[in-house]
Every structure is written in C-alpha cells, then in structure tokens.
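This report describes a set of features of the structure shown below.

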There are 2 protein chains.
Amino acid sequence: MARPGEFELIERYFRPLAGDPGAVSLTDDAAVYNPPHGEEVVLKADLIAEHIHFFPDDPPRSIAHKALRVNLSDLAAKGATPVGYLLSLALKADWTEDWIAGFASGLAADQERYGVTLFGGDTSRAAGGTVVSVAAFGRAPVGSIVRRAGAKPGDIAFVSGTIGDAGLGLRVRLGTIDAMPAGKSADHLLDRYLHPQPRVELAPVIRRFATASLDVSDGLVGDFAHICKQSGVGGEIDADAVPLSAGARALVASDPTALVTVLTGGEDFEILATVSASDADAFAAAAAAAGVPVTPIGRVVDGSGPPVVLGRDGPIRLGQFGYTHF
Amino acid sequence: MARPGEFELIERYFRPLAGDPGAVSLTDDAAVYNPPHGEEVVLKADLIAEHIHFFPDDPPRSIAHKALRVNLSDLAAKGATPVGYLLSLALKADWTEDWIAGFASGLAADQERYGVTLFGGDTSRAAGGTVVSVAAFGRAPVGSIVRRAGAKPGDIAFVSGTIGDAGLGLRVRLGTIDAMPAGKSADHLLDRYLHPQPRVELAPVIRRFATASLDVSDGLVGDFAHICKQSGVGGEIDADAVPLSAGARALVASDPTALVTVLTGGEDFEILATVSASDADAFAAAAAAAGVPVTPIGRVVDGSGPPVVLGRDGPIRLGQFGYTHF
C-alpha cells in the first residue's frame, strides 16, 4: 500500500495537533509565541532514539508519550507551566502509516492531559532507527524558575512518587535481573519505564518552595550530585527513606543489585527538590494538595561531591553514579 | 583512545558556546528567554540526518553549519531576528572526539557570524547514522512576521542570490549529471550544497516590504506553490529571469535536465518574497543596501495551483514539483 508523502502526513496527523494560532496550523515555516506580561519562555530539548531510548516494538503511542514527557518533566522540575512543543521526526526506512497514526494519537492524548499543543517541526527520513526530537517550551514569571543551584545546608531533599521503577523495569525487560518474586507482577515497573509521568501539577509548588530542583533522569544519586555540584554543597540520602513501589520493594528484598538500580538507574522522571527545613511541612502539604505525593529522602549538608547514601550500617558504596544514554 | 563522556563533551565543547545568561552555561535543565517588550518569540525546528541530508565524509564543521543555517534561513524568511538555538545530537556508534571538536568549531563560527548562542539541548547515541536536531528561535515585533499567506495578484516575486546551485551541487556529488563543461568548476555548486547561506541580513527588509515570504528549501517552484496555496493565488515564473551562478548557467546550457533541477532541486536557502508592484523598487534598493542581491523572477496572478513556469516558447512542463527529504 502506498504510504503518504510528507505533506499528507502533516495534513492528516499533525495539523490536527496544532491548536494554537501561533502555530498557523503548520501551514507556515515558523511559529510565534508571546509569553504573558511578566513571564518569560522556558526552553528544553531532548530526543529519544530507537534502540537507545526505546525498543522497535514499543507501541508508537508509548514512544510519543516518552518523547514528549521527558521534556515536560524538565519544565515541571523548573517550575514552568508547559505551553507547546516542536517535533522533529526522522523516520526509519520501513515506517508505516499505522505507526504514524498511533504516534499521533499518543501526542493527542498527552496534549489533552498536559495542556500543550504542537507548534511546528519537520518530518524526514533516518538512515538508521527512528529518532524523535522534541523541543518543548513553557512559561514562568520572569526570574522565577528553580535551578540546580540554590540548595543550602540544612535543606530537606524530597522526591515525588516512587524511585527506581523505570530502571528496574528496563532490567526486567533486558533480562538482567532475577525474575520477580512469586506473586509480584512486573507490570507496574515495565509501565513506568515505558510511560514517564511528568509531575506537571507540582510545578507551581516547586516554584513556591524549592531552593533547587531537577527531574530524576540520570538516577537519584547522580541527579542529587548535580544539585550538590551547582549549589556548592554536599548531600545525604537515607536509603531506607527512598519511596519504593511494591514491585521495587519486592525486588530490592530479593536481589542485592536492585538497590543500586533504584538509586542510580535513571529515567524516573520524578522530581528531586530541596526545601528549607522550615518550609518542609508546607511543601509536603501543598504537593499533596496538588495530587503529588512527596517524600523526604535526605538532606543538604556542608561539603561537596556526590551525596552519601546512608544505610542502616553506615554509608553504602555504589558501583556507579548515574545512568547515561551515551 | 578513550572518548570523553557526555558531561565532559558538554564541558569541553558546548559550554563555551552558551554565552547567554538564560542558558545558565548549560549547567541546568532548561533555559529561559524573555523577548524585549513588544516582541514575540519565533520558533523553528529542523533536523538533518546522516546519509539523508549530509554525507558521512562531510566535514563536521560543514554539518554544523548546515544544521544551524537551515533553521536560521527560515527565521530570516519570516523577518525574525535570530537569537539562539537548542541542539539535540544523536551520535553514531563510532563518533570521535575530533568530529565533535570540528562540529563545535563550526557552531562557534556561525554563532559569531549570525549573532546567536547555544541555549541548551542534549547529547545521546544513535543506533544508525548521526542525527543533528536544531530548534532555533528568534524575535520580532508582535504580529510582524511575514507569512506564506498574504501574496496578492499583481505582486512581484523576488528571490535572493542565485537559484539551483545546491541542487546541481548535489547532482554533481551523486554523479547524476554530466561533467561540468570544459573550463567550468563545480566548486561553487558543491560549496552551495554544503554551506547554505541564510539571508539573515534580509530579515528587516522582508518584514518591511514583503506580502508573503519563505525560504527556498523544497525547490523554487514547490515553494512558490506553497505561497500560492496559502495566499489563494496563482503565480508565474519567468524561467529566463531566474538568477543563475556561472556554474549553473553553464550546466543549464549543456544539459537539458539541469533547468529542472534549478527550478525544483531544493536546498537553495534563498528567500522567495512577494512585494507589491509599487514597493518593488524600494524593496530591491533596501535589499541591496543590506548587502543581499534580489531579482524579480515572476509575479502573483489570479488563480490557484502551482505557479506556471514561462519559457521563451510558452509554459514549461516540469516532471516534478519540489524536492523532499522524505
């Protein structure tokens, strides 16, 4: 069956996603965006590549979710309100229209969910696997976004949701971890790998309370280390305090390598934020009111270097810090 | 020799390119940009992929130029002043540090030349060829950018520079066209394929005079057709009026297929703009004052559909309209 050309693809699948007047229905060469008075534009770009960040047989809807959400997660961690995105799609030789249709339906669902629209982009071929490149932008009051720098000794470190699910899900998928303990399903872990949940609802709470913040994409320890480096501080993580899902808890109990994955595995797309001790209760309450559970997992201390992970018997040495797609 | 990791690459090669305070020296997860009062942000994303838009043995400096300039060309055609860009780089398995160094030096040279800086992005691996994805942004007074829509019957169609060089250069490189006529070099054509020259200096002139405008990336006829479609008009191109370089002129004289390539070959990255007849002289004078030669090549007429190409003996039928990387 003949595949549609680039213009037909845009017409059929992408134009319906371009709801903002500034996108000119994708009938032009560039989009415009004018932030509200007193606000500035917050910009983030991140791509995902087949075989590297996703598997060839992942559902195209899920690939669309991942491509968009890894960017929205960064905007949320900075305290920005998401607005829109540009999409550059390089399609492998044997792409199908069905794949595009599924991919576009994933984008449409996320646009509804997160309040963003497509502003532009381009479609071309790729010589190897498919590459999905997203540049997302949001808005925030001028000078208000929360940086990696800003954490101060005495601050409490919080994470949203649970940590380690995506990293463990990837290991289950790759077969590099023991089977799930009897009676425990890996479904939640696999889903967390495939479907990051950017904490967009937390953005205003972050902006109000956090002294430093980022999303956990390189692994909890590695990302805490980013905050430490940029803030000129040290950190401590209480290993027992790190919030785990039931599946992750079962794996950590049965496989000694699972804890390392939890702490360093990456792709959590939860938020790690530091908050002054006096704001900690108010922060947790505001996060809960926004529908996002947050858990204190450690603290900011004087010092430098990556955070120390404290177990029941003292510091835990980890073989590696952080996950990289590189 | 060990290759540097992602963080070292950023530190060594990309951080020096991030000159704007809003980029936070690439030490954070997102950048900010606040357009001047009364201006809005103009956004464009386009990627180039190895084997599709560039050759594996192209110099990395040239690949950097192309990746950035195809985006700056769109901003210029809309009348926007370029500001900055996000870069997402997916590197093939056997990338080298030398390649990165050359690539970054190409970006540095273009930043100086076009007055833009790097605001963010990411680096990862690619399963196939290298993919370079750029999202560029500029600024323009609110509501002032020039669209594809807006051309009116009676308007004069102008192009900047010369047309067809890049398309012919690609054919020379692929060996799908006869050798250059004796005494003529293909160097200029090859250079034009490798090094687009975005007409950034023309942006304010476009904003002041053009009724419609875009950059010629899909081929002159195909891009004029885009203007016709969005403006609800027809068009005419006088084939003899299309400005050619000496090399293109020699090929057109010796090979009957060369004219088709000139008119439909794509990747010119010149500007096609329509201007009211009463503004035509002032437009040409302002463009010349900005250092960019422009040539009238036809006109906007009542009607619809792609523009008619007029030769000495009447309309010329072309086998295809427009070039696509798809």
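## Strand pairing between the chains

The model is predicted. Ala31(A) has Leu43(B), a residue of β2(B), opposite it. Strand β1 of chain A, residues 31-33, is joined to β2(B) by three bridges, and the two strands run antiparallel.

## The side of chain B that touches chain A

Contact between the chains involves 55 residues of chain B and 55 residues of chain A. On chain B, the elements that each supply at least two residues to this side are β1 (31-33), β2 (39-49), α2 (60-77), β3 (81-91), β4 (117-125), β5 (131-141) and β7 (210-215). The largest share is that of β2(B), with nine residues. By class, the residues on this side of chain B are 26 nonpolar, 15 polar and 14 charged.

## Packing of α1 and α3 in chain B

Two packed helices are described by the angle between their axes and the distance between the axes. In chain B, helix α1 (residues 6-14) packs with helix α3 (residues 97-114) at an angle of about 40°, and their axes are 10 Å apart.

On the α1(B) side the contact is made by Leu9(B), Tyr13(B) and Phe14(B), and on the α3(B) side by Ile100(B), Ala101(B) and Ala104(B). The contact of α1(B) with α3(B) consists of six nonpolar residues, with no polar and no charged ones.

## Buried residues of α5 in chain A

Helix α5 of chain A spans residues 187-194, and its buried residues are Leu189(A), Arg192(A), Tyr193(A) and Leu194(A). Among the elements that cover these buried residues are α2 (60-77), α4 (165-174) and α8 (246-254), which belong to chain A.

## Gly5 of chain A

Gly5(A) lies in the segment before α1 (6-14) of chain A. Is Gly5(A) buried or exposed? Gly5(A) has 12 C-beta neighbours inside 10 Å and so counts as exposed, the cut-off for an exposed residue being 12 or fewer.

Between Gly5(A) and Gly167(A) there are 162 residues of sequence separation, and the C-alpha to C-alpha distance between them is 38 Å.

Conventions: Residues are numbered from 1 along each chain as its sequence is written. Chains are lettered from A and ligands numbered from 1 in the order in which they are written. This is a predicted model: local features need pLDDT of at least 70, side-chain atom pairs count only at pLDDT 80 or more; totals for chains, interfaces and linings use all residues. Two residues are in contact if their C-beta atoms, placed from the backbone, lie within 7 Å. Helices (H or I, at least four residues) and strands (E, at least two) are DSSP runs, numbered from the N terminus. Ala, Val, Leu, Ile, Met, Phe, Trp, Tyr, Cys and Pro count as nonpolar, Asp, Glu, Lys and Arg as charged, and the others, Gly among them, as polar. Two strands pair if DSSP finds at least two bridges between them. Axes are lines fitted to C-alpha atoms, for helices over the stretch in contact, and angles run from 0 to 180 degrees between N-to-C directions. A residue is buried if 20 or more other C-beta atoms lie within 10 Å of its own, exposed if 12 or fewer, and partly exposed in between; C-beta atoms are placed from the backbone.
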